[in-house]
Amino acid sequence: MNPIILSDNIALIGHQNWWDGGYSENKTNFIDRTFMFQDYNLIGNFKDLPTQEQKFIRVKGMSEAATTIIINKLNDAFEKVDNVILAIHVPPYQENCTLLGFPMAENFLSHFSSKILGDALYFYMRNKPDKKLLVLSGHTHEETSYSPLYNLTSRTLKSKL
């Protein structure tokens, strides 16, 4: 899908990305793979896999595939404009993952953020000094803002539930 041009210099792109366990993988590896949310038993991509480890490997692969698609969409958008808004579901940075205003516990980060995407966006935007990217996500239900680079800001918005 082509970017949606919002004005002369702003475009909107989006994609359904996935969490990947990257921010807590080396710290709480056992906990992250044994503490699985009900989502893993309900989402079609995971429910037929017999082990939690297989489910975790699948979601990580889905995160990698989504990241590739998002980078391709960014390339298309930045050919047309200098400012892009990226709408996604899962935040790309652990700094966007809070619970009641506090940093999320490491054993939950596996299910609430995408380090694969965060790293890719960081390196991509580091090489685009004349471009700006605003990432809007949800999933954590709390309002946060994090800017790892002057031209890259990631925001989550508070749920009204």
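User: Which residue in E2 is the bridge partner of isoleucine 4?
Analyst: Leucine 12 is the bridge partner of isoleucine 4. Strands here are DSSP runs of E with at least two residues, helices are runs of H or I with at least four, and both are numbered from the N terminus. This is a predicted model, where local features need pLDDT of at least 70, side-chain atom pairs count only at pLDDT 80 or more, and totals for chains, interfaces and linings use all residues. Residues are numbered from 1 along each chain as its sequence is written, and side-chain values use heavy atoms, with hydrogens and water left out.

User: How many bridges join E1 to E2?
Analyst: Three, between E1 (residues 4-7) and E2 (residues 10-14), and the two strands run antiparallel. Two strands pair if DSSP finds at least two bridges between them. E1 and E2 form a hairpin with two residues between them.

User: And E2 to E3, parallel or antiparallel?
Analyst: Parallel, joined by five bridges. Isoleucine 10 stands opposite asparagine 83 in E3.

User: What is the strand order in the sheet?
Analyst: E1-E2-E3-E6-E8-E7, an open sheet of six strands with mixed pairing. E1 and E7 (144-149) are the edge strands, each pairing on one side only. The twist averages 20° from one strand to the next.

User: How do E3 and E6 pair?
Analyst: E3 (residues 83-87) and E6 (residues 132-137) pair in the parallel sense over five bridges. Alanine 87 stands opposite leucine 136 in E6.

User: Which residues are on the covered face of E2?
Analyst: Ala11 and Ile13. The uncovered face has Ile10, Leu12 and Gly14. In a regular strand the side chains alternate between the two faces of the sheet.

User: Where does H4 lie?
Analyst: H4 lies across E2, E3 and E6, and runs at about 165° to E2. Axes are lines fitted to C-alpha atoms, for helices over the stretch in contact, with angles from 0 to 180 degrees between N-to-C directions. Contact means heavy atoms within 4.5 Å.

User: Switching to the core. How many residues does the largest nonpolar core have?
Analyst: It has 25 residues. A nonpolar core is a set of buried Ala, Val, Leu, Ile, Met, Phe, Trp, Tyr and Cys residues joined through side-chain atoms within 4.5 Å. Buried is under 20% relative accessible area, exposed is over 50%, and partly exposed is in between, with a 1.4 Å probe and protein chains only. Those with the most contacts inside the core include Leu74, Leu121 and Leu152.

User: Which element gives the most to this core?
Analyst: H4, with five residues.

User: What does leucine 121 touch?
Analyst: Leaving aside neighbours within four places in sequence, leucine 121 is in contact with Ile71, Leu74, Leu86, Pro92, Tyr93, Leu133, Val135 and Leu152.

User: Now rings. How many aromatic pairs are there?
Analyst: A search of the whole structure finds three. Rings of Phe, Tyr and Trp (its six-membered ring) pair if their centres lie within 6.5 Å; planes under 30 degrees apart are stacked, over 60 edge-to-face, and the rest tilted. Phenylalanine 78 and tyrosine 124 have ring centres 6.2 Å apart and planes at 20°, so they are stacked.

User: Buried or exposed?
Analyst: Phenylalanine 78 and tyrosine 124 are both buried.

User: And glutamate 64, which class?
Analyst: Glutamate 64 is at 42% relative accessibility, so it counts as partly exposed.
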